[in-house]
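Here are a few exercises on reading strands and chain contacts. Have the structure open and try each task before you look at the solution.

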Amino acid sequence: MAQMTSQAARGLRVVLDPRGQPTASVQPSALAPRLDTLNGKTVYLVDIGFGGGYDFLEEAAAWLIRNIPEIQIELRHKRGNMFLDDPELFAEIKERGDGVIFGVGG
Amino acid sequence: MASARFAEFAASDAQNHGMNLRFTFPPYPLVGRPRSVLRQYVEGNDPVTGKPLMPQVIDALTRPLTEDEKHPKPLRGAPRPRLLKPDTEESLHRLFLENDWTDGLPIVLPTEERVAHMLTGTAADPNTVVGQMTITTLQEKLEYTVEKVAVNAVMAGAGPEHLPVILALAASQEGSMPSSTTSFARMAFVNGPIRDEIGMNCGLGALSPFNHANAVIGRAWTLMTINLGDSRLGETFMGSTGSPLNYNNMCFAENEERSVWEPFHVQRGFKKEESVISIFRGWSAINSMGAAGCCRPAQEEMLLILQAFPALTGSITFVMDPLVANHLKEQGFNTPRQLGEWISKNFKMPVGQYFGSDLVYSFGNPLARDGVEPYASWWKLPKEILIAPYHQPELINSVVVGGETQALWFTTDMAHTQTLSIDKWRPKSGVYQEDEETLRRRQARQKRHAAALKASGYNL
C-alpha cells in the first residue's frame, strides 16, 4: 500500500497486462531424416489447395523428371481444404514414399 | 513450398508449430498466372534467397539435418506478469499503442481499480479460465481468465453492465478477425431481456455509432481478439485489405418487440427469457440500396442481390428492418425458415459461375473431388446448367433490427457459428445497475420512438 501511495504521488499508474497467457500447447517435432540422393527415389508432390498451386507443382514435377531421370514422382491433391490433414494420404506417403514436398502456401 | 509473399509468415508459422521446416519460395502470386510464367518460376530463382529454386528443393531434401532440426527446442513464451511496470498515464498509453495492444483508437487504461469495478459485473471468479484463443488455424493458443476479459472490456470503454455479454463472446473462443488473407468480418447480436437492461439499441440506427452498449461490446470483441487471440499484423493477421467491419463486428440487438417473427434465439430452441449472443462469420454485407419491396417483392430483390456472393458456405443471413419482415409475412412467409426454403429453392446460379469462384476452388473443389454430394454431381455438369447452391435452407438466417423508417435490409454471407449464454455470466443481482440518469434518458428515447410510430398510423 505504501508503495502504491508512493507511485501515485509520483504520478505513476499501475495497469494490468491485457494479453492472454502462452499455453505451451505446441510440442516440438523433429524433421524426417534426409535422403542421400533423389535418384531412384519416390517423391510425393502434394498440392494443399491454394490457387495456382497444382499447376505450379506440375511444372516442378516436370523439372524434377527432366533433371533427375530416375526419380519417381507422385503428384497428388490433398483431400479436403488447405487447413485439414489427410491421414490416408500421409500414411501412404510414409509407406511408399521416400520424400515429400508440400505446396504451395499462399 | 510457399509463395515469397509469405516467406516471413511461413517461417514463423512453422516455428510456432514446433518445427524448423525447410522452405523454398517461388515468386508471388501463382494464382491466375499462365503456364509459361509458372515454368519461368520453376526455372528461375527463389526471390527470397536469390538462389536457383529447384536445386534448392533438392538440397532441402538431401542436405543432412542440423542439430536444431533433429532436436528442435520448445517455443514457449514466458508467462506474462499480471501487472505492467508502473508508469505515467501518457507513457502507458504510448506503450499500449506501440505494442499494438489496441485497435488504434484511444483506450481506457486498465488500472487495478477500474478492472476491480468491471468485475462487479459478473458473479464469476476473476481467476476462472474462460477459454483459449488464436486467430490462426493451428498455432499455439493463449489462455485467458475472467480478469483478462475484464481488462479488455475496460480498454474498450465498457461498464460492468456489459461484462456478461463480453464474457459470453470470450467464451466462444472465436476471434473476431481470423488470420485469413481474405479479410473476414464478423457479426454479433444479442437476444433476450439483457438488451434492455444494459441499454442496447435494436431500433433506429442500431448498426450505426450511436449507442454505448452496441459500440463497446463490439469493440471489446476486437480488443480481445488482438490481445487474447494473439492477432499481430503481418505475423498472425494476414487480411490483405482488412475489413472496416472489424472495428465493431456489426454488434447490435435484435428488435424482438417489433418483429412479426419469433426471435432468432427462440427459433434455435432457447427460451424467450434467456439472454444470449449469436455470432457469425463471413465477409460482406450489401445494403438493399433503396429496394423496399414497392416495385418488386423483397424476396425477388434478395435473389438478385445474392448473385454477388459466391455461395461458398451455402449460408446467408438477412439483417432486416421490422418493415421488411412484415412485408415478407404479407408475401406469405410466416417464419424465417419458410423464407429460407423459398430462397434455397429459387436461387439459381450457372455451375460454371459457382466453380469459377476462387473460394469455391479452395473449399468446394476438394469436396467435389472427394465425392461429397451435391458438389461431386455439380462438378460433372456443363457450365451453363443452373444449380441451387444454397441447398440447406437451415443455413439461411434472418434477424430483425431497425427503426422502421425504411424497409431495407442487408444481405450478408454471414454464417452462424455459435449462440452463447449471457445469463451464466451475470452477477447474482441479475445485472449491474446503470445510473438512473442513463436509464431515464433511454426510456425517454424509447417513448419518443413509440409515439412517433403511433402518430404515423403504422402498426404491425
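**Exercise 1.** How many bridges join strand β3 to strand β5 in chain B, and do the two strands run parallel or antiparallel?

*Solution.* Keep in mind that you're looking at a predicted model. Start by finding β3 at residues 185-191 and β5 at residues 276-282 of chain B. Next, follow both strands: they run antiparallel, and seven bridges join them. For one spot along the pair, go to Phe189(B), which stands opposite Ser278(B) in β5(B).

**Exercise 2.** Work out the order of the strands in the open sheet of chain B, and then find its edge strands.

*Solution.* Step one: the four strands line up as β4-β3-β5-β12 in chain B, with mixed pairing. Step two: look for strands that pair on one side only; these are β4 (251-253) and β12 (415-421) of chain B. Step three: check the twist, which averages 20° from one strand to the next.

**Exercise 3.** Describe how chain A touches chain B.

*Solution.* Begin with the count: 50 residues of chain A are in contact with 78 residues of chain B. On the chain A side, the largest share, six residues, comes from α2(A). By class, that side has 22 nonpolar, 20 polar and eight charged residues.

Key
Residues numbered from 1 in each chain as written. Chains lettered and ligands numbered in written order. Predicted model: local features only at pLDDT ≥ 70, side-chain atom pairs only at ≥ 80, totals over all residues. Pairing = 2+ DSSP bridges. Axes fitted to C-alpha atoms, helices over the stretch in contact; angles between N-to-C directions. Contact = placed C-beta atoms within 7 Å. Nonpolar A, V, L, I, M, F, W, Y, C, P; charged D, E, K, R; others polar.
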